[in-house]
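I opened this notebook to record what I looked up in the structure.

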Amino acid sequence: MKKFLVYSAKILVVTFLIAVVLDGLYTFVYLQSNNRGKIDYVYNSNARNYDVIILGSSRANNHFVSQMFEDKGLKTFNYGMSGGHLFEADLMLKLMIERHYKIKNIILEADLNLSNEHRSDGISSKFLPYLHASKIIKEHFSKEDDFDYLYYIPFYRYIKFDSQIGFREIFKIIGKEKTSSLENDGYYPLVKHKNGNMKNNIVSLNPLPHNKYYEEIKKNCKANNINFIAVMTPMCENVKGMNYFDKVKKTYPEIHNYENVVMEDKYFSSCGHMNDKGAKMFTKKIIEDFFSPQINLK
């Protein structure tokens with residue numbers, strides 16, 4: 001029995017040491033990466049200057065055409081992340097501020113994402129390689145139910161989120177394989193899909209009265225003299241529960257409602273996402289409404 005216990009203890013110790021070594025190696029690789037996605041592009045960067053930064057979910061990533069701002073002389077990047085929530089948008093801004101980014105304006109897509117305060121595992125997991133290297137990331141995740149496992153168990157986060165940050169991604173980083181997420185200054189254009197879902201039901205959605213991540217973004221913008229512009233972006237005609245946007249406006253009067261600026265199905269790839277043509281119509285309206293005076297002063 002004693003031999004068995006000693007043998008088992010040795011296996012546990014060896015397994016723990018292997019996990020520590022692998023954790024360190026994976027983290028080291030991520031600390032060298034800056035072209036796989038928007039998160040490492042920010043994390044492993046120094047101070048950048050922007051006239052306009054866009055934050056939000058896919059409804060930011062697919063709806064704001066960065067080049068149209070650039071054509072008006074406004075240095076712009078779309079940091080919207082498909083699948084992301086305000087949890088991730090808030091953390092991105094915190095990292096930018098920590099890196100001394102100079103940002104004049106932030107456009108935040110704040111509509112459907114106001115209905116929850118959950119993290120998006122698919123996106124938030126991409127911050128986890130830096131969990132031990134960044135106090136900001138550690139604090140942001142500290143209230144999550146699985147924080148102790150993620151932080152204190154070596155290599156656990158890489159195993160749990162293997163499809164996002166595991167061996168396959170490590171291999172691609174080492175091979176210097178780029179993704180399309182940084183193309184077009186972060187904007188990802190969509191095409192009109194023949195079989196796109198042109199119906200949606202958001203009847204059950206309700207905006208939280210004080211979404212903590214939205215409030216943090218707004219607070220950090222104010223503290224760093226960043227002009228904060230929050231907008232609701234368009235949805236197609238066949239949506240049940242469109243009074244959700246009225247609820248948002250009632251709860252957050254400062255958010256500008258653009259949900260009906262573009263409505264025809266021909267301008268959408270799916271009910272919640274405009275195609276490139278629709279995005280250009282929408283972006284044109286945003287530039288006219290918020291940036292025309294700035295452009296004239298240049």
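Predicted model: local features only at pLDDT ≥ 70, side-chain atom pairs only at ≥ 80, totals over all residues.

Next I asked which side chain of opposite charge is nearest to Glu-109. I found Arg-59, at a distance of 4.2 Å. A salt bridge requires the two charged groups to be within 4 Å, so I recorded none for Glu-109, although this residue is buried.

I also listed the surroundings of Glu-109, leaving aside neighbours within four places in sequence. Ser-57 and Arg-59 are both among the contacts, as are Leu-55, Gly-56 and Ala-60. Leu-86, Val-231 and Thr-233 complete the list.

Entry two. I turned to the cysteines and asked how many disulfides there are. The count comes to 1. The disulfide is formed by Cys-236 and Cys-271, with 1.8 Å between their sulfur atoms. I noted an angle of -65° about the S-S bond, which makes the link left-handed.

I then asked what this pair ties together. Cys-236 sits in the loop between strand E5 (227–232) and strand E6 (239–240), while Cys-271 sits in the loop between strand E8 (268–270) and strand E9 (273–274). The link therefore joins parts that are 35 residues apart in sequence.

Finally, I checked burial. Cys-236 and Cys-271 are both buried. Cys-221 is buried as well, with a relative accessible area of 0%.

Terms used. Residues numbered from 1 in each chain as written. Heavy atoms only, no water. Buried < 20%, exposed > 50% of the residue type's maximum accessible area, 1.4 Å probe, protein only. Lys, Arg positive; Asp, Glu negative; His and termini not counted. Contact = heavy atoms within 4.5 Å. Disulfide = S-S within 2.5 Å. Helix = DSSP H or I, 4+ residues; strand = E, 2+ residues; numbered from the N terminus.
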